[in-house]
Amino acid sequence: EAKIIEIFKKWELDCAIIGEVTNSGKMELFWHKQKCAEIPIAPLSEKAPILKRPVSENPTYLDSIAFLEKEKLESQNVQEVFEALLNTPEICDKAWVYTQYDSSVQTNTIIPSGAGGASVMRVKENGKGLGMSVACPSRLCYLNPKEGAKQAVAKVGRDIALRGGRPLAITDCLNFGSPENPEVMWQFKESCEGIKEACKALNTPVVSGNVSLYNQTNGKDIYPTPSIAGVGVLDNVNNVLQSHFKEAGLEVYRLASKDSKPKFGASLVAKYLGNSFKSEVSAIHLQDELFLWSVLNAANERGILKGAVDIYQGGLAMALTKACVRGNVGVKSVENLDFTMLFGEAPTQILVALESQNVSALEALLENSNLSLTKVATLGGDSIQIGTVSISLKEAKATFYQRFDAIMESI
């Protein structure tokens, strides 16, 4: 106890011993050594009263929202769609936010804010690393709370695996509207069940969390927002997998579940350029997700990969662009990338950069699995060419790194 107090004092933090664990089965409170309260623990922990609020199993809040006009969305100019998405706050760099505070933990921050994907901190004493990520696909949770919650759990674990780490556990911050609304209670129930299902399948137990309810503005409930934070371990902090592509000549492949079909439901392109984001979503296959993590770990340990990045908001086009912008390298994709493949979204799909002679080694790790490997591009040059999209690397970097500042200055 004295050692703990000494550490807290060193950092000018308050610390006090407030009690001790006993085997009495009671909570006993003392004031100046006089017992002032006593209560048995068992009735609270084992027989606590349960409040069962009504749950609407057939929610109607989506009925008033129009379905996405998919054909109309896909008929738009691909170049203009690409440039519009690159200018959105979801895609551009958020340095305006994270440079306002000290984001370095002593000298142990290996992958800092803004690097894309999970952050990594070094554990000096043993050479290991801690990988951390946070995610919540709120639009997806609005359309399908259970599926959205499952994908949030998978997303943070995938981010850690993309650093070469082993995802170990999650914490959750469950933010919802009024629980007195049966449809909100349905969202809450479905989200909890989704988290439970994903955590069981992915071996990432919930070790802590909190719940925030009654989040409303003028009586209108917020979107269901089960925010998930994940943590994992990197066995060798000197072998962190990068999320940027930087070597000309490397080949870029899409590694994904064979059932991971990009769609427009809850997608970024539908939010900004469609009449609605209400459309079919691509469901996650948790066993494929878990196998993807093992492939990433094995490939990183064997030095097969030169970089890897998640395909998330904005689809393949945005993921590839950000990886190239961060690595300051151009790219030229194969020609057969249609609108859906460019901007559609789905779980369990990533981009990996590697040397051509290592492709067969990666394919060997995928044997007898439900994962596929498809070449999408080659790195090099001073422009980003993805399908029919073309933009200079210089222009893409300027948009990516400067756009968020302009957005904040205009507010």
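This is a predicted model: local features need pLDDT of at least 70, side-chain atom pairs count only at pLDDT 80 or more; totals for chains, interfaces and linings use all residues.
Me: What is the nearest cysteine sulfur to Cys173, and how far away is it?
Reply: The sulfur of Cys136, at 9.2 Å. A disulfide needs two cysteine sulfur atoms within 2.5 Å, and Cys173 is in none.

Me: Changing topic to strands. Which residues of β12 are on each side?
Reply: Strand β12 covers residues 307-310, with Gly307 and Val309 on one side and Ala308 and Asp310 on the other.

Me: Are those residues buried or exposed?
Reply: All four, Gly307, Ala308, Val309 and Asp310, are buried, so both faces of the strand are covered.

Me: Which strand does β12 pair with, and in what sense?
Reply: With β14, residues 349-354, in the antiparallel sense, over four bridges.

Me: What stands opposite Ala308 there?
Reply: Val352 of β14.

Me: Now helix α7. How many residues has it, and how far does it reach?
Reply: Helix α7 runs over residues 145-161, which is 17 residues. From first C-alpha to last it reaches 24 Å, close to the 24 Å expected at 1.5 Å a residue.

Me: Why is α7 described as largely enclosed?
Reply: Because 16 of its 17 residues are buried, the rest of the structure largely encloses α7.

How values were computed: Residues are numbered from 1 along each chain as its sequence is written. Side-chain values use heavy atoms; hydrogens and water are left out. Buried means under 20% relative accessible area, exposed over 50%, partly exposed in between (1.4 Å probe, protein chains only). Helices (H or I, at least four residues) and strands (E, at least two) are DSSP runs, numbered from the N terminus. Two strands pair if DSSP finds at least two bridges between them. The expected span of a helix is 1.5 Å times one less than its number of residues.
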